[in-house]
Amino acid sequence: FFFFSLSHLHHKYKQKTQTTMIHNLNYSIKSKHTPFLRRYLSSKLYPNAKSAIQSITFPLSNSLLCVGGFGCCGIPETLLNELSKTKGVTDITVASLNVSVDGYGVGKLLEKDGMVKRVIGSYVGENKLFEKKYLSGKLEVELTPMGTLAAKLHSAGSGIPAFFTPTGVGTVISEGGAPIKFRSDGSGDVEIESKQKEVRMFRGQEYVMEESIYADVGFVKAWKGDTHGNLVFRGTARNMNPECAMASKVCIAEVEELVEAGTIDPDEVHLPGIFVQKIIQAADNDKPIERLTELEEDADEGTSSININAARERIIKRAAKEFEDGMYVNLGIGIPTLASNYVPEGVNIVLQSENGLLGIGPYPKTGTANADWTNAGKETITASTGASTFSSSQSFGMIRGSHVDLTILGSLQCSSNGDLASWLIPGKMVKGMGGAMDLVGAPGSKVIVTMEHVSKSGSPKILEQCSLPLTGRKVVDRIITDLCVFDCDKTGDGGLTLIEIAHGVSIEEIRSKTGCDFKLSPVEPLPFMD
């Protein structure tokens, strides 16, 4: 019977990329292993995504599906493509960092009406269908900070039902009221909102309690895997794939390269096979690149091809003055990222990207970009000398554990006491908080905000109190705008202090464009920021 099963398995695996490997695998199983180990090895192998999904013994409808990947990097596209074609599956809850782009990854599932009921994620990204369905009341969305989401899954896989984190304290994450579902009548009214969570004080700081996420099924993507289910990832494609595997009752892994057990050195295994119940060879490896960012062949590594105006360049150059030699730094999307092009001479910093890279290098040369290497802004990047890669939970462990020295990020609004709002305009724009809440909420973190002083309509972005939902309460140390630099007294009631001013800008102009009062630095004359 066992020999027949192997022959049948061999027949099913007759694909161009697998025939030789499966032949060798069958011989290896028959000749080298005990009967118990033979059954163990063969039970994990499936010929394709369809057979692996059909082998799940419980209904997928109303289940919780955990999906690895970040943007379009590390997406289990073979499994998602197959699931999107599966009839009769409805009301799934999907837990994923984001939903990729329209027509790809989790986006394929959203195209099927009724298949996905709720998404638990941290970032809407560039998926227009996702945003449209959410705002029109056709999709429930539980926006969750990226690091918290990774920790919820990691904790579930580690047998920890709940934990306390500083992320989200003083925001709708802890206080409740975040819109999960809007009414479908077009009124913009909220039908379901998040509930208030328990907050406790530890070591003089408030922490919010988060419950772990236990998934029914996990879809993950790896570069290489063996017949035991041991997985190896490549570049930043690891992201939240390990956490998804750990948190799931049934994890199906798709791998680009399937090898025999023993081929992978034990010290090189990123995820042990105990967390993987089924494994297939990936049939779909499109791996689109969201933001192809490259340097021309003769361009200097410290230059950028992105066009920026004089006001933004002033912000970028001033932000770069915050770098100190030896710092570990996290730079947000947009203006903050460009500050790395102006690192002062003699200063060496290490850039951390929350999707799983410590040591971001320059953009790749034209024609050399790799879809498995992206930064948090989904741009193609390279790794610097001495760089390291890791999973999402380890990445945010660095952040929450206060191992990152400096965070620079953008904002929609800031308040006089250091409050920050950067992720949501109710009823109009939903981008999600991504990893921002984790970054600004870390104990003892130094947070610098870079933004233009006023909005496109000319209204102040620095206010007495933020009118938009907060990313963090009393978290900002310094605000750098195109007009000036403010210091924030985030631990007391000192408010804002103007410490630098741009050339050609008067204090009166700054007062007229700032929505709150501020003090002047005692230093005279007031230094220029540029």
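**Charged and aromatic contacts in close-up**

The count of salt bridges comes to 28. The model is a predicted one. The views below pick out individual pairs, a network and ring contacts.

**View 1. E206 and R473 form a salt bridge.** Their closest N and O atoms are 2.5 Å apart. The pair links distant parts of the chain, 267 residues apart. E206 belongs to strand β9 (residues 205–211). R473 sits in the loop between β24 (462–463) and β25 (478–480). E206 has 29% relative accessibility, so this residue counts as partly exposed. R473 also counts as partly exposed, because its relative accessibility is 36%.

**View 2. E254 pairs with K221 in a salt bridge.** Here the closest N and O atoms lie 3.7 Å apart. E254 is part of strand β12 (residues 248–259), and K221 is part of strand β10 (residues 215–226), so the contact ties together parts 33 residues apart in sequence. Are the two partners buried or exposed? Both E254 and K221 are buried.

**View 3. A salt bridge joins the side chains of D477 and K490.** The N to O distance is 2.9 Å. D477 lies in the loop between β24 and β25, whereas K490 lies in the loop between β26 (484–488) and β27 (496–501); the pair therefore ties together parts 13 residues apart in sequence. The relative accessible area of K490 is 17%. K490 is buried because this value falls under the 20% cut-off.

**View 4. Salt bridges link six side chains into a network: R318, E322, K446, R478, D487 and E500.** Side chains of opposite charge can pair when their charged atoms come close.

**View 5. F164, F202 and Y207 form an aromatic cluster.** Ring pairs link these residues. In the model, the count of aromatic pairs comes to four. A pair of aromatic rings is described by the distance of the centres and the angle of the planes.

**View 6. The charged end of K378 sits over the ring of F70.** The charged end is 5.0 Å from the ring centre of F70.

**View 7. R511 lies over the face of F518.** The distance from R511 to the ring centre of F518 is 4.4 Å.

Key
Residues numbered from 1 in each chain as written. Predicted model: local features only at pLDDT ≥ 70, side-chain atom pairs only at ≥ 80, totals over all residues. Heavy atoms only, no water. Salt bridge = Lys/Arg side-chain N within 4 Å of Asp/Glu carboxyl O. Helix = DSSP H or I, 4+ residues; strand = E, 2+ residues; numbered from the N terminus. Buried < 20%, exposed > 50% of the residue type's maximum accessible area, 1.4 Å probe, protein only. Phe/Tyr/Trp six-rings, centres within 6.5 Å; stacked < 30°, edge-to-face > 60°. Lys NZ or Arg CZ within 6 Å of the ring centre and 35° of its normal.
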